[in-house]
Amino acid sequence: MFLYDKLQDRFISKLEAMIERSLNENISRLEKDIKDIKDIGKDNRKTLEQNILSLQKDIERRLQTRCQKSDEDLEAVKAETLTAVSKLLPRKGLQHLDYHLTTHCNLNCKGCSVFSPIAKEWFAAPEEFKKEIEALRKALDGASPVNIHLLGGEPLLHPQIESFAFIARDVFPEARIDFTTNGLLVRQMPETFWETLRQTQVAIKYTRYPIGLDYDDLIRYIQDKGVEVFSARGEIAFFRRIPMNPKGTFNMFHSYIQCPYTDCAQLRNGKLFRCPASAFHGILNENLESSGSVYKGRFKLSRRDYVDLYNENITRETVYDFLSNAIPFCSYCDTARMNPRVPWSQSEKNLTEWVDF
């Protein structure tokens, strides 16, 4: 543990010096030390999580006793630092999986993370979903994602939505599964839909938008149908904007450390992606093409940007290693200039909602 103790002292010293210089630069200045922590994890993975917990406690103790910043500043630094460290922990499972039943939507939020306002109408095919999700289970050697979110776009637009509930539950009986919806179509769903959700134990996850919809009444309506309903957070007052640059000139490791989508795996076209932007980059390219932009086709994937689940050589370790690291596509995202407080509104369908030219 001598190497770890030495690293921990250096990590804390840099953290304290960094606070006095600039709270806004903390992530990039910790990059080398975070890499060292990851290297320790490779040599001694069994003790890595214990070491991280110890580091968390020591950061808190030293910051409280040796720094003079406000409590609010210290909490912000600790949260950002520990989030960055946690992103480099080796993944031992699949916590979050998104599968999109549609790309288009009936609400079209400005800056939507999957580019729904500028997407063409598209519906996933249930038979393809079955192939993809079975390939994922095979790659995971029978292990199950913890949470499977069936979403869009707006999933309730799909005319065969019930099929996806049966398929998902059949392939992954242990998972927590939900349809993630804006709620606008909930009252229009037929009774067969509610019977399917009760039978498969698939929940409704709603996102509360400032659109005048009585979500409290909607919750009661769903509960009266005998279906679980929940939301991950309160009303969406703001969207985040992560500027994307088709030149792809950003440091992919810096972008990854600051990205809010590092645990947001996407299953699409038989491939597993790290984030919505990489999974749906084709929508941006289509719109760049139709607009006549000089940057048409510039958002490109490399073989390191996804896992091909139809490849017979893919193993669970391959998947978990992929989910533990930055990818080349990260170089398109300027997460250092992310704006988390863009007031929610409906999209004007302008590429500049997502792309900085």
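How are helices α6 and α7 oriented relative to each other, roughly parallel or roughly antiparallel? In this predicted model, the axes of α6 (residues 126-139) and α7 (residues 161-171) come within 10 Å and cross at roughly 20°. Axes here are lines fitted to C-alpha atoms, for helices over the stretch in contact, and angles run from 0 to 180 degrees between N-to-C directions. Angles under 35 degrees count as roughly parallel, over 145 as roughly antiparallel, 65 to 115 as roughly perpendicular and the rest as oblique. The two helices, α6 and α7, are therefore roughly parallel to each other.

The crossing of α6 past α7 is right-handed, a label given when the near helix is turned clockwise from the far one by less than a right angle, with left-handed used for anticlockwise. On the α6 side, the contact (heavy atoms within 4.5 Å) is made by P126, F129, K130, I133, E134 and R137, and α7 brings S163, F164, I167, A168 and V171. These residues divide into 7 nonpolar, 1 polar and 3 charged, where Ala, Val, Leu, Ile, Met, Phe, Trp, Tyr, Cys and Pro count as nonpolar, Asp, Glu, Lys and Arg as charged, and the others, Gly among them, as polar.

The view can now widen to the chain. Its secondary structure comes to 13 helices and 10 strands, taken as DSSP runs (helices H or I, at least four residues; strands E, at least two) and numbered from the N terminus. Of the 357 residues, 51% are buried, meaning under 20% relative accessible area, with exposed set at over 50% and partly exposed in between (1.4 Å probe, protein chains only). Among contacts between residues at least 6 apart in sequence, 80% join residues at least 24 apart.

T262 sits in the loop between α10 (252-258) and β7 (265-268) and counts as buried because its relative accessibility is 8%. Leaving aside residues up to four places away in sequence, T262 touches K87, R91, Y256 and R274. D356, in the segment after β10 (339-343), is partly exposed, with a relative accessible area of 22%. D356 and N245 are 111 residues apart in sequence, yet their C-alpha atoms are 5.5 Å apart in space. N245 is also among the residues that D356 touches, together with R241, P243, M244, P246 and R337, again not counting residues up to four places away in sequence.

Residues are numbered from 1 along each chain as its sequence is written. Local features need pLDDT of at least 70, side-chain atom pairs count only at pLDDT 80 or more, and totals for chains, interfaces and linings use all residues, while side-chain values use heavy atoms, with hydrogens and water left out.
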